[in-house]
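I opened this model to look up a few surface features and one residue's surroundings. My notes are below the display.

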Amino acid sequence: MILSGGSIAYLAVESVSMGLALLAGYGAWKITRGYEAYRFDAKQYRLFALGELSSSIIRFILGVKWILFFYYAYLLDSFAPQLIGAMCATGVVNALWEGWWLYGWKLLTLLLATLWLVMHQDDRQREDQPYFRLKFLFYLAVLGALAVEYLWSVAALWGLEPQRMVSCCSSTFSAGSAGALGEGMMSERSLYAFLGLFGVMSGAYGVGWVRLFGLANLLFLPSALWAIIYFFSPYIYAIPTHTCPFCLIQFEYYGIGYLLYLLLFAGSFLGVASAFRSLYAKEMDPKPLMRISMGLQLLLLMVLWGYVLGYFWINGAWL
C-alpha cells in the first residue's frame, strides 16, 4: 500500500461514509418491515421521522460518492510516479487487484445512487409520499453495492505494491495490444457507434419514447468512453498515437477529463433514470429528466468536437 495524505484521507472519508450508510441501512430495514402508509399511530410517526433522518443521511452519502469517484481518479494519478512504468493512473489501475472491474463497479454504484436520488425526489414531490417504503427497499440494494465497493477499494489499495512493474496507457490502449482493452473498437468504429447511439437517443427524445431513451443512454456510455479514448483523445493531446482516458485529467490538459466524464456520466445516468422512473411512476412527466440528460450529452458532444475542429483549424489536417 502507498501511504500518503491523499490515500489516508480517501480511506477515512470512505470509512465514515460506509459507517453512515450502514446506519441509514438499519433505519431502512426497520421502515421496510414496519411502515404502513395508511395507518396513523405513534409507531408509524416514529418510522416516518426515522425515514426523514435516514433520507438526509443517504442523500449526503450518495453526494459524497460522486465527489469520491473523481477524487479516486486523481489519487491514482498521484500514485503513478511511485510505480515502475506508470506514467498516469492507467498504470496504477493495472497494478490494482482487478482494477478495471473495480472501476466498472464504481460506475454501477454511481448509477444506483443516481436512481435512488431521483426516486427520493419523486417521492418528496408528492404530498402522500407514495414511494416512501419502496425507496428504502431499493436503498438496501444500493447499500449492498456500496459495501462491495468499499471492501473492494480497501483491498485493492492495501494490496498495491510500489515495486511492481506495470504497463501504462501506451500499451494498454494501443491498437496492437493483446489485452482485452486494446482489442476494443478503434478510432472510426468507436466514432460510428458513438454518433449512431447519439442519433438513436436524439430520436427517442424527439418522439418521447422514454424507455428507448434510457436504453440508448445505457449503451451510449461505453461507446462514448471508447470514442473518447480512441478518437477524441488524440485531438486533445495533439498526438496521433496517444490514446488514454486518464491523462485527460492531468494539469497539462487543464483537467478537461473531469468535465468530460462528469457530463457523460451525469447525462447517461439521468437518461437511464428517466426510463427507471417509468417503472414505478408512470403518471410523472419524463420530459424534464430527458431534457437535462439530452442537454448534458449535447454539451459533451460540443466540447469534444470543439477539440477536433480546433486541431484542424490550427494544423490544417485531421488525425
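**Entry 1: starting point.** I am working from a predicted model.

**Entry 2: nonpolar patch.** I looked for nonpolar side chains grouped on the surface. I found a patch made of Val200, Val207, Trp209, Leu212, Leu215, Leu218 and Leu219. Together they have about 640 Å² of accessible area. Two elements give two or more residues to this patch: helix 7 (187-207) and helix 8 (210-237). Helix 8 has the largest share, with four residues. I then checked one member, Val200, which lies in helix 7. Its relative accessible area is 37%. Val200 is therefore partly exposed, as the value falls between 20% and 50%.

**Entry 3: positive patch.** Next I turned to charge. Lys30, Arg33, Lys43 and Arg46 form a positive surface patch. Helix 1 (5-34) and helix 2 (42-79) each supply at least two of the patch residues. I picked Lys30, which sits in helix 1. Lys30 has a relative accessible area of 36%, so I noted this residue as partly exposed.

**Entry 4: Leu117.** Which residues does Leu117 touch, leaving out those up to four places away in sequence? I found Arg59 and Leu62. Leu117 itself belongs to helix 4 (residues 99-125).

How values were computed: Residues are numbered from 1 along each chain as its sequence is written. This is a predicted model: local features need pLDDT of at least 70, side-chain atom pairs count only at pLDDT 80 or more; totals for chains, interfaces and linings use all residues. Side-chain values use heavy atoms; hydrogens and water are left out. Contact means heavy atoms within 4.5 Å. Patches are made of residues with over 30% relative accessible area and no salt bridge: like charges are joined within 9 Å, nonpolar side chains (Val, Leu, Ile, Met, Phe, Trp, Tyr) within 5 Å. Accessible areas come from the Shrake-Rupley method with a 1.4 Å probe; for residues, only the protein chains shown count as cover. A salt bridge is a side-chain nitrogen of Lys or Arg within 4 Å of a carboxyl oxygen of Asp or Glu. Lys and Arg count as positive and Asp and Glu as negative; His and the chain ends are not counted. The place of a charge is taken as NZ of Lys, CZ of Arg, CG of Asp or CD of Glu. Buried means under 20% relative accessible area, exposed over 50%, partly exposed in between (1.4 Å probe, protein chains only).
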